[in-house]
Amino acid sequence: MKRKAASGIMLTSLLISVLTLAVNVQPVKASGIIYIRADGSVDPLTPLITTVDNVTYTFTDNINESIVLERDNIVVDGNSHTIQGTGNGTGIYVPQRSNVTVKNMEIRAFGCGIYLFGSSNSSIVGNNIIENFDGIRLNSSSHNNISGNNIVANNQYGIRFEVSSNNTVYHNNFKDNNQEVYSSASTNIWDDGYPSGGNYWSDYNGTDFYSGLYQNETTRSLFMPNAETS
């Protein structure tokens, strides 16, 4: 009888332990996307992105995940670090946001490097956007600024506009993209006015007649006298 009682007590204890363990097991959150939430929090919390004011978010190292921005009126500063993909997904997704700045980072090897959807009054400034499928994509987005970026060797389009007008695009280097720009139902502004100027296009075969700090220096060929005839 004593042995049976002892066995029953051990079995009961084992069952209680298993049930307690089952209650304490928490579901594992899927990795792969970092969110900057509407309340300013970074989810999941990571040392790779820091902020002290919930306005400026700064990379502390390279990142191998996608980032989704759900907060308005913020600056995401790559601090010269890289966000690296695996050939698909979106590097930085900006859905229906206003006054967001993405700057100073390299975005490489995503299906789309930066995607603005339904967003306005935002800036993409001073980035290297390299070897994605689409470098930058805007859909239903207007009054944004895209300037000072190197948009290089993207496999489909350097920039893709879909129903996105009144965006300003200047001082970017478009180099060796399969197609530099795609535009559907979109009308945009492609320079910053005189003398600031427009963009560099690696496939442009025309003649640039003006240069210099103020774009008021004509090329030397314009000053060459006509050959004299005897």
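Colleague: In which loop is the place of proline 44?
Modeller: In this predicted model, a cis peptide bond joins aspartate 43 and proline 44, with omega at about -5°. The strand on one side of that loop is S2 (42-43).

Colleague: Which residue joins proline 195 through a cis peptide bond?
Modeller: Proline 195 lies in the loop between strand S20 (179-184) and strand S21 (200-201). The cis bond has an omega of about 5°, and the partner is tyrosine 194.

Colleague: Which strands stand at the edges, each with a single partner strand?
Modeller: The open sheet has 7 strands with mixed pairing, in the order S3-S4-S6-S9-S12-S15-S18. One side of each edge strand is left without a neighbour in the sheet, because each has a single partner; these strands are S3 (49-50) and S18 (168-170).

Colleague: What is the bridge partner of threonine 50 in S4?
Modeller: S3 and strand S4 (residues 56-59) run antiparallel and are joined by 2 bridges. The partner of threonine 50 in S4 is threonine 58.

Colleague: Is asparagine 54 buried, partly exposed or exposed?
Modeller: Asparagine 54 is found in the loop between S3 and S4. Its phi is positive, about 60°, although asparagine 54 is not a glycine. Its relative accessibility is 29%, so asparagine 54 counts as partly exposed.

Colleague: Does alanine 109 count as buried or exposed?
Modeller: Alanine 109 is found in the loop between strand S10 (106-108) and strand S11 (112-117). It is not a glycine, yet has a positive phi of about 65°. Buried means under 20% relative accessible area. At 16% relative accessibility, alanine 109 therefore counts as buried.

Notes:
Residues are numbered from 1 along each chain as its sequence is written. This is a predicted model: local features need pLDDT of at least 70, side-chain atom pairs count only at pLDDT 80 or more; totals for chains, interfaces and linings use all residues. Side-chain values use heavy atoms; hydrogens and water are left out. Two strands pair if DSSP finds at least two bridges between them. Helices (H or I, at least four residues) and strands (E, at least two) are DSSP runs, numbered from the N terminus. Buried means under 20% relative accessible area, exposed over 50%, partly exposed in between (1.4 Å probe, protein chains only).
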